[in-house]
Amino acid sequence: ADDSDAAGGKTYYVDAGYEGTTTSDGSEKAPFTTIAEALAKTDVSKIVLMSDLVFGNANTEANGNAISTSIDGLEIDLNGNVIKFTSKDISPNYYAIYNTGKLTVSDSSKDSTGGITVTGYPIGVFGNEGTLDITGGTFKNVASGDEKKVYYLMNNIGTVTISGDAKFLMDKDMETVNSSIIKNGWSEPEATEKKDAPNDLVLFSTITDEKKKTATVNIEKGTFEGKTYVKNDEHGVMTISGGDFKVVKAESNKFSSDGKFYDLKGNVVFNYGKLTVTGGTFDNTASIFGGAAFYVAVGSETTIDGGVYKLASNYEGNNKLPAPLVRFIGASAADETVIDIDAGVAGAIGTHPAVRAVLDTSTNAVGNIDITVGSASVKGVMANIADSNCPVFTYTDGKLVIDKLSAGTGNSYVSGNVKIESLVVADDSTVVLGSGSEAILADSSKADKIVSAGGVLKDQKGNTI
């Protein structure tokens, strides 16, 4: 049979157990016994596995990875087989597949039994600087060491598209939550030495090509499960249009040094970059500490236009408060954090808050926010509130209700169908209440700090000021 594909490249086969009498030439009848032989062929465009491939410290490439490719246009068909990579006590971090070219990973087997499993820390499944399309396969890591650690299933600074029946499964036996399921972008973009950014594939500070300063992940379909989250890091752009995302229940009740359970509060997706969600199912109901579907950081941009949400009945062990859709952590007024939630999405989560903002009181933190739910919005600098720094934004019957809000330095704007049940205003701040909005002022003596642009201001007794 002709093994050439439509693009003119050639398909090669790999069977680690081949013992035929015909000399291996990479054909289906006389396959190569190592994938390195197939990768070395200048005309290769597709590699089909005919057996499992096992890698350890002894048979990795010179760079420490099990498989590396820079080929511009390659498909690896797992074909129902598993690539296994086991190692330990290594530095820097290594991967089962490291791609700097254009690669597709697929699994053509009828029962979708192909995949990649890694054991050891820090060993990842995919390290990607190029273009990577994943259309099938089950990708897992096995917790190792006394601390039962696992490493990223994917670490990306290139462009990734995930579709088909791909499954990303973190080991349920992990005890120390130290790595996300997927890491997209850079954790330490300001670092100038690799020792200060050990988990970044390439130092961001060394990249001169502007096109390579953004990491992109598009998730169209797939399964993502673990005690930790999918992470869109700094300079990351992530689009989720489908897929099933689930936080699994902790198998033990061990506590970490700060007294928190190891399942990291049950957040499903973490965003430090730009995140757009139009579909998918997000579930953290099994978490001991209910977190949020989306945990967002200062300076991030999060747009939620769709999706189905199954949220925990309690938030961080507090049975009086259900888990929110979005959890915002504020620590700086320098960078604006944008959160935009579709009214239909907010309305479908019932009594769960649309947003819960958590400010760091230890640093007297403030948050520069731009929060929109439907046509209701709050924009400006939010400061700490006396004994509580966790404002709750709940969307009920088309109205965005905020239990308490402290306006910080400068101008803040409230517009649309918004009700602030307790508004605290700083001496150096001004709050503009737009049409349709209502606020109850905590201190009536600060009424001169409020500008009405069609909004209603009331005192603690409910009288209009």
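Predicted model: local features only at pLDDT ≥ 70, side-chain atom pairs only at ≥ 80, totals over all residues.
Start with the inside. The largest nonpolar core takes in 99 residues, and those with the most contacts within it are Phe126, Phe168, Phe294, Tyr309 and Ile341. Strand β37, spanning residues 418-425, supplies the largest share of this core, at four residues. Besides this one there is a second, separate core of ten residues, with Tyr95, Tyr98, Tyr151 and Trp186 among them.

Setting aside neighbours within four places in sequence, Phe168 touches Phe126, Ile134, Phe139, Leu153, Met154, Ile162 and Ile181, along with Thr223, Phe224 and Glu225. One of these partners, Phe126, is also listed with Phe168 among the core residues that have the most contacts.

Next comes the largest pocket, which holds about 230 Å³ of space. Its lining is made up of Glu129, Gly130, Thr131, Ile157, Gly158, Thr159, Trp186, Val202, Ile207, Lys211, Lys212 and Thr214.

As for the strands, β1 (residues 10-14) is mostly covered, with four of its five residues buried. Strand β1 runs parallel to β2 (residues 44-49), and five bridges join the two. Within this pairing, Val14 has Leu49 of β2 as its bridge partner.

Finally, a few spots in the backbone deserve a look. Most residues other than glycine have a negative phi, and most peptide bonds are trans. Against that background, the bond joining Tyr121 and Pro122 is cis, with omega at about 0 degrees. Pro122 sits in the loop between β9 (115-119) and β10 (123-128).

Asn79, which is not a glycine, has a positive phi near 55 degrees; Asn79 lies in the loop between β5 (72-77) and β6 (82-86). Ser112 is likewise not a glycine, yet its phi is positive at about 55 degrees, and Ser112 is placed in the loop between β8 (102-106) and β9.

Definitions and conventions: Residues numbered from 1 in each chain as written. Heavy atoms only, no water. Core = buried A, V, L, I, M, F, W, Y, C linked by side-chain atoms within 4.5 Å. Buried < 20%, exposed > 50% of the residue type's maximum accessible area, 1.4 Å probe, protein only. Contact = heavy atoms within 4.5 Å. 1 Å grid on protein atoms, 1.4 Å probe; cavity = no way out; pocket = protein on both sides within 12 Å on 5 of 7 lines; lining within 4 Å. Points joined across faces, edges and corners; volume = space filled by probe spheres on them. Pairing = 2+ DSSP bridges.
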